[in-house]
Amino acid sequence: MSNGKFAVAGATGRLGRHVMDVLAERGHQAVPMSRATGVDIITGEGLADAVAGADVIIDVASWHASEQEAAAEFFRTAARNLHEAGREAGADRVVAMSVIGADKATAGFVAAQQVHEEAHLAGPLPARILRAAQFHEFVGQLLDWQQGGIAHVPALPTQLVACRTVAEALVDLAVDPDAPARPGSGVPIPEIAGPRRESMADAAKLLGDRRGITVVEVDGSGFPDAEIAAAGGFLPGPHAKLAGPTFQEWLEAQV
């Protein structure tokens, strides 16, 4: 697709900012949708005007907390509203962001992504889903949640990925005319992850050293679906696209 028009839900968020940058660099017109730009995908305020003339709607809007039911309701409502507004505007399809392991999770934010995927796939517009590994920035969130100068971080396997890398893969999916509109018939949902397997605790120690925070490695008990994560349930599958930078490379590039 050359010079298409995209409406981006969550455009001012951590991932959305990168999606907007990638679209602009590739010569596409991109309309940012967030409450900061006067568009509320939950109440519908400003939504019809924002998606008018859009070829593709990209949904990277996220919920600010990890409570499963609240997150699920947010995703369910947002997907319904985006599909309805997009259908009325004549959009071709919706492309949505999800998390690797959403199909395996039983609790918390990742489990709510099951609802997100199902809501999009059940909508009136053709939907494409991209599942991503945890972002590099998630490590900082883990440290932010801790009190004092000590952080307890689980030694769970992960394949951390850069937001910019995810944004590029998402735009690739959005513009590819041959990408399957819905998973099925043996076609897996595409995945994007970092270049190598890492320990969340090891990554946190690298960042903790910079921040003057002592990171204590723990076994993961008390974290949602820790056993599934420990068994590799949230790692990319064999069909996933793997792309750098590694967490350490990304961290060293931060100002």
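This is a predicted model: local features need pLDDT of at least 70, side-chain atom pairs count only at pLDDT 80 or more; totals for chains, interfaces and linings use all residues.

Mentor: Let us begin with Lys 205, which has a relative accessible area of 31% and is therefore partly exposed, since that value falls between the 20% limit for buried and the 50% limit for exposed. Its partner in a salt bridge is Glu 217, with 3.4 Å from N to O, and Glu 217 is likewise partly exposed, at a relative accessible area of 44%. Because Lys 205 sits in helix H7 (residues 200-211) while Glu 217 belongs to strand S10 (residues 214-218), the pair ties together parts that are 12 residues apart in sequence.

Now turn to Arg 131 and Glu 117, whose closest N and O atoms are 2.8 Å apart in a salt bridge. Here Arg 131 is part of strand S5 (residues 127-132) and Glu 117 is part of helix H4 (residues 108-121), so this pair ties together parts that are 14 residues apart in sequence. Both Arg 131 and Glu 117 are buried. These two residues also belong to a network, in which salt bridges that share partners join them with Asp 103 and Lys 104.

A further pair lies within one helix: Arg 87 and Glu 84 are both in helix H3 (residues 68-89), 3 residues apart, which is about one turn of the helix. Their salt bridge brings the closest N and O atoms to 2.7 Å. Arg 87 counts as partly exposed at 43% relative accessibility, and Glu 84 also counts as partly exposed, at 32%. The pairs described here are among the 10 salt bridges that the structure holds.

Note on methods: Residues are numbered from 1 along each chain as its sequence is written. Side-chain values use heavy atoms; hydrogens and water are left out. A salt bridge is a side-chain nitrogen of Lys or Arg within 4 Å of a carboxyl oxygen of Asp or Glu. Helices (H or I, at least four residues) and strands (E, at least two) are DSSP runs, numbered from the N terminus. Buried means under 20% relative accessible area, exposed over 50%, partly exposed in between (1.4 Å probe, protein chains only).
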